[in-house]
Amino acid sequence: MTVSKRMAALAAVGVVALFALEFGERFSVPGVRGVVTAAEAVVGRPATPVSVAGVARRSVRRCAVGVYHC
């Protein structure tokens, strides 16, 4: 077996393992945790992108740096 075939087989096994982890978490299999966790941002908090405070903070910063022509 050549190196490229081994790498392809290893990549395929990795992809299957990631899918198995995600499906295990989705179907609530006990003891299986997925790779990607759920986002826990709350809209309206100052650090979220759609909050008024966040938009105002970024607008002021971009005007000061010169991204916008204010």
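Trainee: How many of the residues of the chain count as buried?
Mentor: In this predicted model, 7% of the 70 residues of the chain count as buried.

Trainee: Which residues make a nonpolar surface patch?
Mentor: V3, M7 and L10 make one, with an area of about 340 Å².

Trainee: Where is V3 found?
Mentor: V3 is found in helix α1, which covers residues 3-26.

Trainee: Is V3 buried or exposed, and why?
Mentor: V3 counts as exposed because its relative accessibility is 63%, and the cut-off for exposed is over 50%.

Trainee: Why would residues three or four places apart point the same way?
Mentor: An α-helix has 3.6 residues a turn, so residues at that spacing point the same way.

Trainee: Changing topic, how many helices and strands are there?
Mentor: The secondary structure comes to 2 helices and 0 strands.

Trainee: What are the residues and the reach of helix α2?
Mentor: Helix α2 runs over residues 52-65, which is 14 residues. From its first C-alpha to its last it reaches 20 Å, close to the 20 Å expected at 1.5 Å a residue.

Trainee: What comes just after α2?
Mentor: G66 is found there, and it takes a positive phi of about 110°.

Trainee: Which residues does R62 contact, leaving aside neighbours within four places in sequence?
Mentor: R62, which is in helix α2, is in contact with V67 and Y68.

Trainee: What about C63, on the same terms?
Mentor: C63 also belongs to helix α2. Not counting residues up to four places away in sequence, C63 touches Y68 and C70.

Trainee: What is the relative accessibility of C63, and how does C63 count?
Mentor: The value for C63 is 28%, so C63 counts as partly exposed. Buried would require under 20%, and exposed over 50%.

Trainee: And what is the relative accessible area of R62?
Mentor: R62 has a relative accessible area of 30% and is therefore partly exposed.

Methods. Residues are numbered from 1 along each chain as its sequence is written. This is a predicted model: local features need pLDDT of at least 70, side-chain atom pairs count only at pLDDT 80 or more; totals for chains, interfaces and linings use all residues. Side-chain values use heavy atoms; hydrogens and water are left out. Helices (H or I, at least four residues) and strands (E, at least two) are DSSP runs, numbered from the N terminus. Buried means under 20% relative accessible area, exposed over 50%, partly exposed in between (1.4 Å probe, protein chains only). Patches are made of residues with over 30% relative accessible area and no salt bridge: like charges are joined within 9 Å, nonpolar side chains (Val, Leu, Ile, Met, Phe, Trp, Tyr) within 5 Å. Accessible areas come from the Shrake-Rupley method with a 1.4 Å probe; for residues, only the protein chains shown count as cover. A salt bridge is a side-chain nitrogen of Lys or Arg within 4 Å of a carboxyl oxygen of Asp or Glu. The expected span of a helix is 1.5 Å times one less than its number of residues. Contact means heavy atoms within 4.5 Å.
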